[in-house]
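Here are a few exercises to work through with the coordinates open. Try each task before you read its solution.

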Amino acid sequence: MTQTQQVQKILVTGATGTVGRQVVTELLARGHAVRALTRDPAKADFPAGVEVVGGDLTDPDSLVPALEGVTGVHLITFGGAYFAPLESGPRILELARAAGVRRVTVLHGGEATPLEQAVRADDGVDWTVLMPVEFMGNALEWADGIVTAGEVREPFVSRLSAMVHEGDIGAVAAVALTEEGHGGQEYVITGPELLTVGDKVATIAAARGRDIALVELTQEEAVAQWRAAGHPEDVIGFLLEAYGNTPEVGRTVADTVEKVTGRPARTFGQWAEEHADTFRAG
């Protein structure tokens with residue numbers, strides 16, 4: 001942070017989630033104050049210096065104390081025990097404006113959701129929609145198979161992905177929440193390279209220092225494997241579409257991370273090194 005930049009206090013909702021934690025981390029690294037919202041503060045585990053507060057996005061008025069004194073808010077589009085799409089966007093934004101919030105980021109939920117629509121329609125705050133593609137962390141689903149059998153079993157192994165490091169999503173959010181020039185923007189966030197499943201497996205193998213076999217499944221075998229893992233039918237349908245017919249946005253590298261943060265997007269090799277122990281036995 002430069003001498004001309006001021007410390008700002010930012011409210012992060014969904015703070016215990018995969019992306020929320022990265023937003024918290026990046027804001028702290030940039031020297032800002034962070035207030036983390038969670039339904040159960042007693043179970044939250046955040047670095048020293050993070051102010052943890054209780055609140056529920058499905059009950060907007062519960063956010064009033066959390067909004068006091070913050071200049072920016074990071075929002076998610078789902079809430080409650082069953083992660084239903086939030087219908088409370090207009091009230092949340094009304095309370096945010098009343099509290100003096102100037103900037104809002106919203107994590108795209110994969111489709112048009114009521115909260116995101118409310119954010120896009122609000123001209124009282126500078127809003128930024130964050131649209132990340134496949135998370136690098138999805139590869140953690142392979143850990144058990146790699147550790148126990150030394151293999152990855154997947155369909156559509158030639159599919160391409162511009163998968164993104166979750167930390168880079170947090171970094172883009174942190175900049176948009178604390179700096180000028182990002183209002184009204186829709187940011188597609190990707191990694192710096194296109195990878196097949198084989199590329200990912202080879203990268204993890206190099207990081208852990210031991211070979212991994214890649215077993216290509218038929219579509220029928222993949223469905224059976226996902227059902228055995230307990231995935232509901234709607235999730236299985238999504239996976240078949242996402243993997244079998246990856247949309248162009250998911251297989252196109254964007255330079256958003258570098259343009260917004262001033263540094264290159266992190267590679268899958270970096271991610272694999274960070275998580276190498278997870279893929280090692282014992």
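A polar contact here is a pair of N or O atoms within 3.5 Å; within protein, one must be able to donate a hydrogen and the other to accept it, and residues adjacent in sequence count only if both atoms are side-chain atoms. Bear in mind that this is a predicted model, where local features need pLDDT of at least 70 and side-chain atom pairs count only at pLDDT 80 or more, while totals for chains, interfaces and linings use all residues. Residues are numbered from 1 along each chain as its sequence is written, and side-chain values use heavy atoms, with hydrogens and water left out.

**Exercise 1.** Find which backbone nitrogen lies 2.7 Å from a polar atom of the side chain of Glu166, then look for the nearest side chain of opposite charge.

*Solution.* Start with the location: Glu166 is in helix α6, residues 166-178 (helices are DSSP runs of H or I, at least four residues, and strands are runs of E, at least two, numbered from the N terminus). The nitrogen you want belongs to Gly137. Next, check the charges, with Lys and Arg counted as positive, Asp and Glu as negative, and His and the chain ends not counted. Glu166 is buried (under 20% relative accessible area; exposed is over 50% and partly exposed in between, with a 1.4 Å probe and protein chains only). Its nearest opposite charge, Arg266, is 8.5 Å away, and Glu166 has no salt bridge (a side-chain nitrogen of Lys or Arg within 4 Å of a carboxyl oxygen of Asp or Glu).

**Exercise 2.** Work out which side chains Arg103 meets, and whether Arg103 is buried or exposed.

*Solution.* First, a polar contact of 3.2 Å joins the Arg103 side chain to that of Gln8, which sits in the segment before β1 (9-12). Then there's a salt bridge to Glu180, 2.9 Å from N to O. This pair links distant parts of the chain: Glu180 is in the loop between α6 and β10, Arg103 in strand β7, and they are 77 residues apart. Finally, accessibility: Arg103 is buried at 4%, Gln8 is buried at 11%, and Glu180 is exposed at 59%.

**Exercise 3.** Identify which residue forms a salt bridge with Arg91.

*Solution.* The partner is Asp61, at 3.0 Å from N to O. Arg91 is in helix α3 and Asp61 in the loop between β3 and α2, 30 residues apart. Arg91 is partly exposed at 31%, and so is Asp61 at 44%.
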